[in-house]
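Please look over the sequence and the structure below before reading on. The paragraphs that follow go through them step by step.

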Amino acid sequence: MKEKETEEEEEQHGITRGTDALWNDSRYAIRVQSLHKSFRLYHEKKSTVYEHLVGLFSKNKGYEKLNVLNGISFDVKKGEMMGIIGKNGQGKTTLLQILCGILKPDGGAVKLSGSTVPFLSLGTGFQPDLSAIDNIVMYGLYLGLTKKEIKERIPQVLSYAELERFADTKLKHFSTGMFARLAFATAVQVDPDILLVDEVLSVGDVSFQEKSFETFLSFKKRGKTIVFVTHSLELVKRLCDRAIFIQDGIIQKIGRSQEVVEEFYNFYEIRKNV
Amino acid sequence: MYSGRFLKGVPLTRYYSLIFSLAISGLKLHYKNSFLGFIWTFLQPLLFLGVLYTVFNSLLGSRILYFPLYLLIGLVLWNSFARSTSSSMMSFVSRRDLLLKVYFPREIIPISTHITTFIMTLFDLCAFGVFVVLFHFVPPWTILYLPILLIILFTLTLGLSFILSVANVYFRDLEHIWGIVLQAGFFLAPIFLSMDIYPPSVRHILVFNPMTLVIDMAHNIVLYNHVPSVGAFGYLTVVSIAILGIGYIIFKKFESKAIEIL
């Protein structure tokens with residue numbers, strides 16, 4: 001019944017929400033309906049006053065419209081782990097950015113029920129000139145923790161990242177791996193209902209990767225809803241309940257992760273042969 | 001259309017600690033990166049004062065009463081304005097990565113940058129206090145008006161900071177243009193000159209520039225025991241609140257588009 005609804009709505013453009021009762025169905029953590037997003041692709045990017053003035057007098061608009069998302073609709077149930085796969089530049093990260101509220105969609109509707117934390121990348125906002133502890137606090141605040149909450153968790157973060165000895169070291173003296181471990185350890189301190197994750201499970205050495213993998217499994221066990229963008233098809237098969245395969249801004253296939261991954265392989269096999 | 005808890009129903013007050021931590025870490029970065037750190041707060045105005053004092057007092061001869069302090073208070077307030085607007089202007093562009101990866105209310109960025117620079121202004125005022133003592137100057141009671149003037153300056157600058165932070169995303173050469181505007185403003189504001197040197201007709205135009213009025217008023221209340229007129233105070237209050245309001249509206253209108261082209 002639900003699948004049928006979604007299909008019907010996919011036909012139309014703009015905001016189509018079905019009935020409010022359906023839209024507000026409490027079984028779903030995330031509902032996305034006919035999402036559209038386009039960017040202006042500038043051939044000559046006007047970024048100064050001078051260029052804008054010159055641009056007023058030239059007829060060439062200087063950009064073309066790049067449709068990144070062409071009407072995407074899907075739902076994620078509460079406690080479900082949804083993988084999103086697709087090649088580079090197919091709109092996966094844009095989709096996540098819209099889910100997080102960083103970008104605004106041109107058309108369509110998004111509804112998230114529950115608190116959200118974006119894991120779009122690790123260590124953004126880290127200041128090389130501040131100590132590990134200062135950075136943990138800042139990063140925690142960015143992710144929406146209160147100062148008290150994050151202060152209480154500093155020992156946990158340091159021990160998780162195995163960086164207790166470097167608590168007062170400035171971040172610029174950290175190695176890439178240490179940097180990533182600290183970022184990941186801080187990020188998993190948040191306790192949201194919905195996690196939006198963009199390719200962050202491949203940080204650190206093998207043992208740390210295994211540890212971060214375990215952490216995500218524990219999130220899942222605690223009934224968190226997770227949307228997970230990755231290029232690692234094996235991880236999708238191991239972790240996700242369902243998956244979405246995005247191609248050219250539309251959903252090529254949505255279903256059980258095993259099937260979607262196969263479809264992904266098939267799709268590109270066919271392409272290669274032609 | 002978007003609905004999610006992170007965007008709706010979460011008041012800006014939830015982010016107080018983020019705003020202040022950002023402001024404090026900005027301060028830490030500012031002072032940690034220089035060798036003499038905090039001492040620069042006192043050294044810089046002293047050196048600059050030395051230069052201006054030599055030029056305007058010894059060479060040109062100034063007839064302004066308490067000239068060194070006159071110079072200094074003007075400089076402190078003008079620097080506050082210049083520093084705050086120019087660092088807020090860069091705040092969006094320099095945090096591109098953060099803005100594209102984490103969601104929090106975007107106002108936080110210019111607000112916290114503004115607070116950082118304003119705390120520096122308070123340090124500068126302490127330095128001014130030290131000079132007041134060194135010159136054996138006893139300020140008149142009208143100095144009690146200074147906090148009100150500072151609040152007006154804060155409001156006014158914050159409004160401009162909102163506009164500049166998003167405008168600089170669209171027009172990347174704005175920082176050069178703004179540099180020139182600031183330079184011109186420095187000579188138009190009564191920092192090392194007295195308003196008296198202008199003919200009355202010009203003076204009537206100049207006082208419409210809020211910064212001119214702020215600095216002129218500061219001279220009067222800190223040094224000369226003049227109670228500011230209600231009209232001037234009223235004008236400044238209205239203008240600064242209007243600029244803050246307009247600035248915020250412009251900011252809200254363009255912030256999401258600015259993020260896309262960041």
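## A walk through the two chains

Apart from neighbours within four places in sequence, Leu99(A) is in contact with Ile30(A), Val110(A), Leu112(A), Leu196(A) and Val227(A). Leu99(A) belongs to the largest nonpolar core, which has 83 residues. Together with Val227(A) and Phe228(A), Leu99(A) touches the most other members of this core. Where does the core lie? Domain 1 (2-115 + 229-273) and domain 2 (121-191) of chain A both give residues to it, so the core lies between these domains. A second, separate core has 42 residues, among them Tyr70(B), Leu164(B), Ala189(B) and Leu213(B). As background, nonpolar side chains tend to be buried together in soluble globular proteins.

The model is predicted, and the predictor gives the complex an ipTM of 0.71 and a pTM of 0.80.

Chain A contains ten helices and nine strands. Of its 274 residues, 41% count as buried. Among the contacts in chain A with a separation of 6 or more, 70% are between residues 24 or more positions apart. His173(A) sits in the loop between helix 6 (147-160) and helix 7 (176-187) of chain A. Is His173(A) buried or exposed? His173(A) counts as exposed, because it has 10 C-beta neighbours inside 10 Å, and a residue with 12 or fewer is classed as exposed.

How confident is the predictor in chain A? The average pLDDT of chain A is 78, and 82% of the residues score at least 70. Confidence is lowest in helix 1 (residues 2-11) of chain A, with a mean of 38, and highest in strand 8 (residues 242-247) of chain A, at 90. The pLDDT is below 50 over residues 1-18 of chain A, a stretch that has 28 contacts in the model beyond near neighbours in sequence.

For chain B the mean pLDDT is 84, and 91% of the residues reach 70 or more. Strand 1 of chain B has the lowest mean among the elements of that chain, 49, while helix 6 (residues 146-170) of chain B has the highest, 93. Over residues 3-9 of chain B the pLDDT stays under 50, and the model has 17 contacts beyond four places in sequence for these residues.

Several residues of helix 5 of chain B are buried, including Ile109(B), Ile115(B), Met120(B) and Asp124(B). After helix 5 of chain B comes His136(B), which has a positive phi, near 50°.

The last topic is the contact between the chains, which takes 34 residues from chain A and 30 residues from chain B. On the side of chain B that touches chain A, at least two residues each come from strand 1 (2-3), helix 1 (16-32), helix 4 (96-101), helix 7 (174-188) and helix 10 (230-261) of chain B. Helix 1 of chain B gives the most to this side, seven residues. By type, the residues on this side of chain B are 15 nonpolar, seven polar and eight charged.

Definitions and conventions. Residues numbered from 1 in each chain as written. Chains lettered and ligands numbered in written order. Predicted model: local features only at pLDDT ≥ 70, side-chain atom pairs only at ≥ 80, totals over all residues. Helix = DSSP H or I, 4+ residues; strand = E, 2+ residues; numbered from the N terminus. Buried ≥ 20, exposed ≤ 12 C-beta atoms within 10 Å, placed from the backbone. Contact = placed C-beta atoms within 7 Å. Nonpolar A, V, L, I, M, F, W, Y, C, P; charged D, E, K, R; others polar. pLDDT = per-residue confidence, 0-100. Core = buried A, V, L, I, M, F, W, Y, C linked by C-beta atoms within 7 Å. Domains from an automatic or database assignment.
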